[in-house]
Each structure stands twice: as C-alpha cells, then as structure tokens.
Amino acid sequence: MEPWHHHPRNPMEWISPKTFFFQFPSLCYAWGRKFCYLCFQVERGGHPLSDWGVFRNKVHRRAPYHAELCFLSWFRAQNLSPDENYHVTWFSSWSPCHTCADEVVKFLDQYRNVTLDIFAARLYCFWDPPFQNGLRELQSAGVQLDIMSFEDYQYCWENFVDHKGMRFQSRNLLRHRDVLATELENILRGLGGPVTRQADSFQVTHFNVRS
C-alpha cells in the first residue's frame, strides 16, 4: 500500500456565525472543540490584500492534517516569487501545536521573504513544555504572537464570517482573553503563569483538545 500524501486544497471562503461563536471563544478549557479553524490573509509587497480564506484541520483515518499544515501546503503551491515580500496573518481558534510550530519555523527559514503574525483565540496544551517551547521557537523565528483582541474578532467577523449583514457582538468570545494573554506572555518569557499552575491541578484527561 502506498503511503498517504496530503495534496493542497483550496481554502474555504467563509465560516458560519454559529461556527465562529462556538469555535473561537477565548477559553482556558475548551471542551468539545477539536477542530482548528485558521483564517488567513496574505499581503504582497505592501499591495492591497491579495489572498484570504479559511482552513480547517483535515481529519483523515490514516493521517490527520492540522490547519497550519494545510495553509503551508497551499501557500507553497502559489508559486511564491523570491523577488516579492509576503506578509501573512493568521487568526486561529487554537495556537499551533509543537509539531506545526516546527514546520512553520522550517518554512520561514526556507522563505526568508515571508513574515507571519499569529493571533490565536486559545492556547493549545499550554501546560505542556513541548508546546510552550514550540511557541518560543516561533517567536525566535520572528513570528509575532498574541491572543485575539476585540478588534481582531471584529475584523474576522467582517472578513471571514458569512454574517449576512448582522452586526458584530462579542458575546462571550473574550471571556478568558486577559488570562490567556498573560499566560502567553509568561510562556514567551520562559515563566510559569497562573493558568499553567492551575492546569497542573487537573488531570490531562479532563481536557478535550483538537485532533
């Protein structure tokens, strides 16, 4: 049997309001949210926005494929010019796992004309040292990391959600935003934040995380 290979696929244009409000809240513990949604935009050399869309992690019985890798696979297939600069922004429901972080670092090392900003709704396995190291490696590679703000949510609503004219309301999207922002700052500084210490008191099996 031949090994399974991932082939680039085109991104989705939109996600529904229901998906957005369920998948993107800033929560410390997000039960039932195993999918990762990655809203992206690509700017080329300071020109107006050229590419945008949404990827979701691909669940395959032989090999799962995270949303970050779906984007990298698609982006590589865009015939990137070595003479043009690309600025990529991700608005993601989860921060990258350590494996995806490693692949992103390799990608940025190969394509020195690409810069990346990541705004995540939640931190994935933030209590686990390998995942913390992955975030620090991204920062060392020049990636700007932050937790999504009100303005980021509003921007996503206006540009990636099929809202059909409905006005944006934050609802509970920002519930643990400040706590997660502090946790991320502590991780990037190599410190253990209050959320990490709280997580240590739980069994890992209590957390329902992305596939």
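This is a predicted model: local features need pLDDT of at least 70, side-chain atom pairs count only at pLDDT 80 or more; totals for chains, interfaces and linings use all residues.
Of the 211 residues in the chain, 49% are buried.

On the fold: there are 7 helices and 5 strands, and read along the sequence they follow the pattern α-β-β-α-β-α-β-α-β-α-α-α. If you take contacts between residues at least 6 apart in sequence, 77% of them join residues at least 24 apart.

The largest nonpolar core has 48 residues, and Phe-71, Phe-75, Trp-90 and Val-114 have the most contacts inside it. Two or more residues each come from E1, H2 (67-76), E3, H3 (98-110), E4, H4 (129-140), E5 and H6 (177-188). H2 gives the most, with 7 residues. Take Phe-71: apart from neighbours within four places in sequence, Phe-71 is in contact with Phe-40, Val-42, Phe-55, Val-88 and Trp-90. There is also a second, separate core of 18 residues, and Phe-20, Tyr-37, Met-148 and Tyr-153 are among its members.

That brings me to H5, residues 150-160, where the buried residues are Asp-152, Tyr-153, Cys-156, Trp-157 and Phe-160. Why are they on the same side of H5? Because they cover an arc of only 140° around the axis. The general point is that an α-helix has 3.6 residues a turn, so residues three or four places apart point the same way.

And what do the buried residues of H5 pack against? The partners are helix H1 (17-23) and the strands E1 (37-44), E2 (51-56), E3 (86-92), E4 (114-120) and E5 (144-147).

Methods. Residues are numbered from 1 along each chain as its sequence is written. Side-chain values use heavy atoms; hydrogens and water are left out. Buried means under 20% relative accessible area, exposed over 50%, partly exposed in between (1.4 Å probe, protein chains only). Helices (H or I, at least four residues) and strands (E, at least two) are DSSP runs, numbered from the N terminus. The arc is that of the directions from the helix axis to the C-beta atoms. Contact means heavy atoms within 4.5 Å. A nonpolar core is a set of buried Ala, Val, Leu, Ile, Met, Phe, Trp, Tyr and Cys residues joined through side-chain atoms within 4.5 Å.
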